[in-house]
Amino acid sequence: MTSQTDREQERSTASVTPGATEQQRERRAPKIAVGDVSAVQDRKADSTSMKQVRTTFIFLAFIGVAYAAYLVMSGQLDDFIRALIGVNPKWIIAGVACFLCYYVFGILAYAAIVVIDHDSPVGFRDLMSVEASGVFFMRLTPGGAGVIPSQIYRLTRAGLSLADASALQFVRFTLYEAGEGIFAAIMLLFCGNYFLETFADVKIIGLDVIWIGIFMFGYKFIQVGGVLLLCLLPGPIQKLGSLGLKIGRTLHILNQERYERYLDFLTTQVTTFSQAFRSAASNWHVLPIVELLTLIQLGCMYALPYFVLRSFGLEADLLVCLASGSMVELLVNAIPLPGGAGGAEVGFTYLFGNMFGWHLSAGLVIWR
């Protein structure tokens, strides 16, 4: 992999080296110029994601005010302040370092895919920008909708064509989503009895927590399965989608203009997605390494409640925290609100309430 500076030096060297042949200049010149015209669509998508972020900040500000009012009205403000005063900053710093490891392992997962292509113009600093963009938009756009377009745009800025950038991003996205399901399944194997014993009689809005957990796990399974079917069976997916659009037109849910626009989008995007994934996944021997790095990355995020608990001087089981953290993340993914607002708070309260006790309100804020 080469950095942006190295690529610029190679281009300038190729233009000034005396006696260099035309063939040598062609070899040294980059295959794709940064800011290629094909990235215009993703640049617009990136701009749209930023608009979503601004809306999210307003939404989260409202949530913050509402939570502060709840603390005052429920009489928990004194506990909140008392808990914050007793926080051990060393554990908070350790938690921040753990989340930085989440960022680092995300970069390494990208690098494991890129490094097999020795001609790739994408450098390590480019991948730092790509992963940072993903972390940012994952938590500030509804359902992480801004992640894929923003990261594809960053990759095109690094010198990849739109097709190559999409291929790299789709492989990474699929493995990340699969990793969430795999991690949760592993945690259920080790901590299934803990959840059964602790939450067997707990209900949320009249529903058993256990059944909610099964629903969240099933949702993730269907989500990942749908992506894989889209990659491996584009033909049947297109036919199924076309049938749905025809039914919508027949029932006058869609007019002719929308029908044609959606049909064109379905035909183009499904084919592009499938071809991009197959192309990038042709180096299948790298995929287990990327998945392993992804699982370690997710573990760094799921472990954060452990550090918050220890910052209050409370006992904490790291394995249970990892298992509970993975369940909270599944709930966050199922809530189509910025950062999973609402779902994250409810999930954290029920799964970690017994561990935090009267520190819960302060612990929730520090974790978020």
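Q: Hi! Which residues does Trp 367 touch, leaving out those up to four places away in sequence?
A: Trp 367 touches Leu 304, Pro 305, Val 308, Val 328, Ala 344 and Phe 348, where a contact means heavy atoms within 4.5 Å. This is a predicted model, where local features need pLDDT of at least 70, side-chain atom pairs count only at pLDDT 80 or more, and totals for chains, interfaces and linings use all residues. Residues are numbered from 1 along each chain as its sequence is written, and side-chain values use heavy atoms, with hydrogens and water left out.

Q: Which residues touch the most other members of the largest nonpolar core?
A: Phe 312, Phe 352, Phe 356 and Trp 367 do, in a core of 47 residues. Such a core is a set of buried Ala, Val, Leu, Ile, Met, Phe, Trp, Tyr and Cys residues joined through side-chain atoms within 4.5 Å. Buried means under 20% relative accessible area and exposed over 50%, with partly exposed in between (1.4 Å probe, protein chains only).

Q: And which helix gives the most to this core?
A: That is α14, with nine residues. Helices are DSSP runs of H or I, at least four residues, numbered from the N terminus.

Q: New topic: which residues of α10 are buried?
A: Pro 234, Gln 238, Ser 242, Leu 245 and Gly 248. They cover an arc of only 120° around the axis, so they lie on the same side of α10; the arc is that of the directions from the helix axis to the C-beta atoms.

Q: What about the face turned away from that buried side?
A: There you find the exposed residues Lys 239, Leu 240 and Thr 250.

Q: What comes just after α10?
A: His 252, which takes a positive phi of about 60°.

Terms used:
Helix = DSSP H or I, 4+ residues; strand = E, 2+ residues; numbered from the N terminus.
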